[in-house]
Amino acid sequence: MVDTVSIELNPIIDKATNTLVIGGAGFIGTHLIPMLIATGRSVTVLDRTATPPNELPGSVVYVAGDFGQRDLICDLLDSHQEVIHLAYATVPNTSFENPLADLLQNLPPTVQLFSEMADRGGKLVLVSSGGTVYGETNTLPLREDHPTKPISPYGVTKLTLENYARLYALTHGLKFVCVRPANAFGAGQRPFVGQGFISTAMASAMRGQSIRIFGLSGTVRDYIYVSDLAAGIVSALEKGHLSKTYNLGTGVGLSNMDVIEAISPLMMEIGRDVHVEKLPERTFDVKKNALDSTKLQGHTGWKPQIAFGDGLRLTCDWLRTIEYE
């Protein structure tokens, strides 16, 4: 079971709304879905795995399938008024290795989703990428009006999806809100999957392995606890302005070495030493990123609740319940 954190949400809606979460069986979805249910929504999860890898609340309807299957997605959209789109087929590393696959696996099915959503008049939350769409910068934290010049295929495709959503809003009346999240971490995040530096760093130390970083101090990222991120998505869904884009982060940038220094005491508590292996920088890694979420806070009242140190302890406690003890 994943540890849950109590987050104050908006009052329960008067009439049950059917909400479809595409890619909702993963790390973020596991935390998001209980929050949606707490507002009175009926939730359906569409995911590619035959059975959900994480336990979902009993009231959730689980559908195994690919949202790129037109008949399937159309049937689901006919009975759902809201969609939260979490699914993405690649991560920054794999997108760099095969840019064409990143484009083909993600762009056509998502544009099809925009078209079908616009035809039905439902509301869409598009979860983009705050860490990759902006590219390099000398100024932190970044606001939504900062120039977008991504340096990875992953970031290029994410930004392209945002632009297609705006196009469909202008030409077909698509009702959407775009969220650019920072780097989520927390209980339930599996290590060694290509994303999630904090869980991978902790698990590496627990296994007696070196923590690998790229560059002298690694990259600088905005780390947000996953329950805060999930609450931000719900806030954007309920109170976000249509066709607007919102950063979703803490505004604080931490290097990989900053994170390692922060987790070292937790590792010492459980008798684990921390060793670091420094590798050459990678060309597709944005050197530094942190997000200004003032706009989301002003429009919805959302604010992060979980302190970084508290989030680290929750993550460590969860990792100790699986095979990294």
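## Basis of the model

Helices (DSSP H or I, at least four residues) and strands (E, at least two) are DSSP runs numbered from the N terminus. The model is predicted, with local features requiring pLDDT of at least 70 and side-chain atom pairs pLDDT 80 or more, whereas totals for chains, interfaces and linings use all residues. Residues are numbered from 1 along each chain as its sequence is written, and side-chain values use heavy atoms, leaving out hydrogens and water.

Strands β1 (residues 18-22) and β2 run parallel and are joined by five bridges; two strands pair if DSSP finds at least two bridges between them. Within this pairing, Val21 has Val45 of β2 as its bridge partner. The path from β1 to β2 passes through α1 as a right-handed β-α-β crossover, that is, clockwise from the first strand over the helix to the second when the strands point away from the viewer.

Strand β2 also pairs with β3 (residues 61-64), again in the parallel sense, over four bridges. Here Leu46 stands opposite Val63 of β3. Of the six residues of β2 (residues 42-47), five are buried (under 20% relative accessible area; exposed is over 50%, partly exposed in between; 1.4 Å probe, protein chains only).

## Buried histidines

Helix α1 (residues 27-38) contains His31, which counts as buried because its relative accessibility is 7%. A polar atom of the His31 side chain lies 2.9 Å from the backbone oxygen of Ala187.

His80 is situated in the loop between α2 (70-77) and β4 (82-85). With a relative accessible area of 10%, His80 is buried. Its side chain makes a polar contact of 2.8 Å with that of Thr44 (N or O atoms within 3.5 Å, one able to donate a hydrogen and the other to accept it; residues adjacent in sequence count only if both atoms are side-chain atoms).

## Salt bridges

Side chains of opposite charge can pair when their charged atoms come close. The structure holds 11 salt bridges (a side-chain nitrogen of Lys or Arg within 4 Å of a carboxyl oxygen of Asp or Glu). Glu162 and Arg180 form one, with an N to O distance of 2.7 Å. This pair links helix α5 to strand β6 (residues 175-181) across 18 residues of sequence. Glu162 is buried at 1% relative accessible area, and Arg180 is buried at 3%.

A salt bridge of 3.7 Å (N to O) joins Glu136 and Lys287. Glu136 is in the loop between β5 and α5 and Lys287 in the loop between β13 (276-279) and α9 (294-300), so the pair ties together parts 151 residues apart in sequence. Glu136 is partly exposed at 33%, as is Lys287 at 48%. In a further salt bridge, the closest N and O atoms of Arg313 and Glu269 are 3.0 Å apart. Arg313 belongs to helix α10 (residues 308-319) and Glu269 to helix α8 (residues 256-269), 44 residues apart. Arg313 is partly exposed at 37%, whereas Glu269 is exposed at 53%. Arg70, Asp78, Glu116 and Arg120 are linked in a salt-bridge network.

## Backbone features in loops

The Leu140 to Pro141 peptide bond is cis, with omega near -5°. Pro141 lies in the loop between β5 (123-127) and α5 (153-172).

Phe192, a residue other than glycine, has a positive phi near 65°. This residue sits in the loop between β7 (183-185) and α6 (197-206) and is partly exposed at 35%. Ser243 likewise has a positive phi, of about 65°, although it is not a glycine. The loop between α7 (226-239) and β11 (245-248) holds Ser243, which is partly exposed at 35%.
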